[in-house]
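Me: I'm new to this one and would like a close look at a single part. Could you take me through it slowly?

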Amino acid sequence: LCAQHCLNNLLQGEYFSPVELASIAHQLDEEERMRMAEGGVTSEDYRQPSENMDDSGFFSIQVICNALKFWGLEVIHFNNPEYQKLGIDPINERSFICNYKQHWFTIRKFGKHWFNLNSLLAGPELISDICLANLLTQLF
């Protein structure tokens, strides 16, 4: 359920429940199955299980992206070549959704300070601009 915590930490409220995220995952699954059925219901792609949600409560980045669309927010992949071409300094961003070993967490800026809002921590962890840059380099 780390995706739920990640999203709620990003938005600073209890906005998403596991049921809501599961509903988004199922909707994505249906859309994917319809597209894969075009290749035939006996194709290898069609028979693959969903990767939008699993039994452990893990949700895919697609679920997170669709959830944020309800808030008018867009996820831009940090390691996307188009983003890299823009030459944007990460320090000037407002937040990051990160994944490390199948665990989602949020890094968010409040005022001029960055905080690691990882649900596995006892509480928010203040991180410096230099630590942010190092952490992002390690993650991406």
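How many residues apart are glutamate 82 and lysine 85 in helix H5?

Reply: Glutamate 82 and lysine 85 are 3 residues apart in helix H5 (residues 81-86), so about one helical turn separates them. Before going on, a word on the ground rules: this is a predicted model, where local features need pLDDT of at least 70, side-chain atom pairs count only at pLDDT 80 or more, and totals for chains, interfaces and linings use all residues. Residues are numbered from 1 along each chain as its sequence is written, and side-chain values use heavy atoms, with hydrogens and water left out. As for the naming, helices (H or I, at least four residues) and strands (E, at least two) are DSSP runs, numbered from the N terminus.

Back to the pair. Glutamate 82 and lysine 85 form a salt bridge, and their closest N and O atoms sit 3.4 Å apart. That term stands for a side-chain nitrogen of Lys or Arg within 4 Å of a carboxyl oxygen of Asp or Glu. Searching the whole structure turns up 1 salt bridge. Lysine 85 is exposed, at 64% relative accessible area; exposed means over 50%, buried means under 20%, and partly exposed is in between (1.4 Å probe, protein chains only).

Lysine 101 lies in the loop between strand E1 (95-99) and strand E2 (104-110). Its phi is positive, about 55 degrees, although lysine 101 is not a glycine. Lysine 101 is exposed, with a relative accessible area of 67%.
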